[in-house]
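Please keep the sequence and the model in view while reading.

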Amino acid sequence: MDAFERTFALHVPSSTENLAMIRDFVASIGSKAGFDENEAARITLAVDEACANVIEHAYRSDDAYIVTIRATLDSEVLIFDIVDNGRGFVASDVAQVDVEELIRQRKSGGLGLRLIRAVMDDVKYQITPGEKNELRMVKRLKHA
Amino acid sequence: MTQTFRIESSDQDGVCVLAVEGYLDAHTAPAFETAIEDEIRSGRVRLVVDCSRLTYISSAGLGVFMSFLEEIREQGGDIKLAAITPKVFQVFDVLGFPQLFDITGSVEAAVARFSQTRGV
């Protein structure tokens with residue numbers, strides 16, 4: 001982090017209806033950070049995946065809860081923190097099953113974390129049981 | 001928000017073409033899932049999804065393709081994906097979908113492939 005760090009935050013009710021608003025927010029910050037349209041779209045997808053997980057799994061689509069998306073931009077990285085206080089999970093427990101195997105098992109889930117990891121440079125979870133869950137996704141800026 | 005999602009179903013040479021338009025995410029995927037379920041229940045298992053007007057897809061949308069593929073192929077059909085734009089294709093590509101699904105450049109090519117392979 002440096003002296004030119006800027007932070008942005010969006011707080012939305014926990015409903016998949018708000019994913020479009022979240023994507024607009026992320027795309028605009030991605031573009032502000034200097035990413036081209038394709039790269040900004042990939043970052044937007046990663047944050048969409050993370051928020052959809054929170055909405056559907058941590059908050060079970062109960063829009064009485066709020067999802068917070070915090071973005072921090074400095075001269076080297078763009079960081080997105082997704083914060084919730086719903087049901088947490090242990091990332092290492094989420095099995096990385098082959099897509100081929102998921103098809104055989106007729107599963108529709110299990111792809112979100114894979115996409116997040118494919119797009120972002122660093123992904124970390126901090127889970128404080130019963131208090132809050134925080135997913136940090138870091139993308140290095142092109143010139144950094 | 002104007003990020004809507006629409007599905008249009010039509011028949012081309014006995015193949016069901018589902019034209020999807022807009023944003024396929026966790027919010028809109030259930031509608032897509034219902035549309036495919038309806039086709040399978042009506043005995044239509046030769047499906048082409050026309051993605052030419054699909055602007056965005058997330059894992060929820062990809063999951064719909066994934067969850068029905070086995071059932072449809074067991075019944076002698078297939079879900080073929082057609083005319084995916086480069087922006088959307090990169091999401092399919094990250095997950096290795098091009099190796100698992102039959103993807104063509106146009107709806108016509110996908111429909112023709114059904115007649116070449118007689119039912120699959």
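In this predicted model, 23 residues of chain B are in contact with 26 residues of chain A, two residues being in contact if their C-beta atoms, placed from the backbone, lie within 7 Å. On the side of chain B that touches chain A, the elements giving two or more residues are H2 and H3 of chain B. H2(B) gives the most, with 10 residues. Helices (H or I, at least four residues) and strands (E, at least two) are DSSP runs, numbered from the N terminus. By residue class, this side of chain B divides into 12 nonpolar, seven polar and four charged residues; Ala, Val, Leu, Ile, Met, Phe, Trp, Tyr, Cys and Pro count as nonpolar, Asp, Glu, Lys and Arg as charged, and the others, Gly among them, as polar.

Residues are numbered from 1 along each chain as its sequence is written, with chains lettered from A and ligands numbered from 1 in the order in which they are written. As the model is predicted, local features need pLDDT of at least 70 and side-chain atom pairs count only at pLDDT 80 or more, while totals for chains, interfaces and linings use all residues.

Helix H4 of chain A spans residues 112–119, and its buried residues are Gly112(A), Leu115(A), Ile116(A) and Val119(A). A residue is buried if 20 or more other C-beta atoms lie within 10 Å of its own, exposed if 12 or fewer, and partly exposed in between. The four lie on the same side of H4(A) because they cover an arc of only 100 degrees around the axis, the arc being that of the directions from the helix axis to the C-beta atoms. An α-helix has 3.6 residues a turn, so residues three or four places apart point the same way. Within chain A, the buried residues of H4(A) pack against helix H2 (37–58), strand E4 (122–128) and strand E5 (132–140). From chain B, helix H2 (59–74) and helix H3 (86–94) also pack against them.

Elsewhere in chain A, Ala9(A) belongs to strand E1 (residues 6–13). Ala9(A) counts as exposed because it has 12 C-beta neighbours inside 10 Å. Leaving aside neighbours within four places in sequence, Ala9(A) is in contact with Thr68(A), Ile69(A) and Arg70(A). The C-alpha atoms of Ala9(A) and Ile69(A) are separated by 5.6 Å, although these residues stand 60 residues apart along the chain.

In chain B, strands E1(B) and E2(B) (residues 15–24) run antiparallel and are joined by eight bridges. Ile7(B) has Val20(B), in E2(B), as its bridge partner.

Notes:
Two strands pair if DSSP finds at least two bridges between them.
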